[in-house]
Amino acid sequence: MAINIAKSLSSTATLCDGVVMPLFGLGTYQAQGRVGVEAVKCAIQSGYRLLDTATYYNNEADVGQGIKAAGVKREDVFVVTKLFWHDGHGRDRCTKAFTKSLKSLDCGYVNLYLIHSPSGGKILETYDAMLDLKQKGLIRSVGVSNFGVHHLEELKKAGRPTPSVNQIELHPWQQKADIVRYCRENGIAVMGYSPLAKGRHLHDTVLTNLGKKYNKTPGQVMIRWSVQKGYITIPKTTRKERITENAQVFDWTLSEDDMQTLDGLPNQSCSWDPTTGPWQP
């Protein structure tokens with residue numbers, strides 16, 4: 001799969017199913033209520049066109065309100081949401097959960113619907129339900145999140161269409177090279193969540209030194225690393241100044257040596273890791 005590196009907020013990639021998706025957007029985990037609405041509105045008005053939410057985030061309605069408040073056409077915004085693994089897996093439950101999500105978002109359709117985690121079981125039945133919703137025009141593209149290589153292989157062996165996207169934790173301290181390699185060899189776009197590693201490494205000497213070298217913040221260095229890797233990147237913030245700052249990563253480049261330095265950092269997850277769990281068809 002060709003690697004597309006975002007050159008601006010308007011940069012896109014064509015997924016394996018032909019859907020065109022922005023390469024950069026806003027993560028909305030923990031962005032709830034009026035704060036969430038305002039963050040989404042600000043991001044869109046700042047040029048962001050990709051919004052990532054999930055049933056688990058309990059803010060789909062806030063994201064939908066933010067889109068309306070921003071005053072843009074629905075077709076100009078790409079909305080990603082995810083199916084809650086705890087009680088949404090299975091054909092009927094998936095359909096019911098999606099209907100609730102779509103009502104909360106109130107945006108007519110979802111551009112990309114992901115199975116949030118393989119840990120919920122009934123993966124094939126759930127995936128088929130999503131494909132049915134796609135046929136009905138309610139979903140434009142179907143993908144997964146937190147799937148390891150073995151999960152993706154089992155999905156392939158079962159004869160299901162290739163998921164368009166696999167969203168996984170990705171930052172210099174969590175690179176999941178085996179999953180990234182598999183996805184790219186099989187036409188699955190790689191989308192990285194927590195590109196800032198929840199802020200846990202922003203005072204790391206490697207980042208602060210690179211920040212000084214490029215006259216950028218440590219956070220911008222981390223985001224640039226993700227962009228330069230060709231990942232669909234969704235930094236999370238609700239602060240207007242950070243929404244602007246996080247997008248100032250397209251007019252400069254980390255050197256090959258500096259990319260290698262970041263690539264060599266130790267493996268430390270900032271989140272959960274369902275990618276290693278068992279396959280539960």
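1. A residue is called partly exposed when its relative accessible area falls between the 20% under which it is buried and the 50% over which it is exposed. With a relative accessible area of 41%, Y56 is therefore partly exposed. Please keep in mind that this is a predicted model.

2. Now to the rings, where the count comes to 11 aromatic pairs. One of them joins F24 and Y48 in a tilted arrangement, with 5.7 Å centre to centre and 55° between the planes. This pair links distant parts of the chain, 24 residues apart: F24 sits in the loop between β2 (20–22) and β3 (26–27), and Y48 in the loop between α1 (33–45) and β4 (50–52). Both F24 and Y48 are buried.

3. Back to Y56, this time with its partner Y29. Their ring centres are 6.4 Å apart and their planes meet at 15°, so the pair is stacked. Because Y29 lies in the loop between β3 and α1, and Y56 in the loop between β4 and α2 (60–70), the pair ties together parts that are 27 residues apart in sequence. Y29 has 28% relative accessibility and so counts as partly exposed.

4. A last point, on charge. R93, K96, K100 and K122 form a positive surface patch. Of these, K122 is found in the loop between β6 (110–115) and α4 (123–135). Its relative accessibility is 48%, so K122 counts as partly exposed.

Conventions. Residues are numbered from 1 along each chain as its sequence is written. This is a predicted model: local features need pLDDT of at least 70, side-chain atom pairs count only at pLDDT 80 or more; totals for chains, interfaces and linings use all residues. Side-chain values use heavy atoms; hydrogens and water are left out. Patches are made of residues with over 30% relative accessible area and no salt bridge: like charges are joined within 9 Å, nonpolar side chains (Val, Leu, Ile, Met, Phe, Trp, Tyr) within 5 Å. Accessible areas come from the Shrake-Rupley method with a 1.4 Å probe; for residues, only the protein chains shown count as cover. A salt bridge is a side-chain nitrogen of Lys or Arg within 4 Å of a carboxyl oxygen of Asp or Glu. Lys and Arg count as positive and Asp and Glu as negative; His and the chain ends are not counted. The place of a charge is taken as NZ of Lys, CZ of Arg, CG of Asp or CD of Glu. Helices (H or I, at least four residues) and strands (E, at least two) are DSSP runs, numbered from the N terminus. Buried means under 20% relative accessible area, exposed over 50%, partly exposed in between (1.4 Å probe, protein chains only). Rings of Phe, Tyr and Trp (its six-membered ring) pair if their centres lie within 6.5 Å; planes under 30 degrees apart count as stacked, over 60 as edge-to-face and the rest as tilted.
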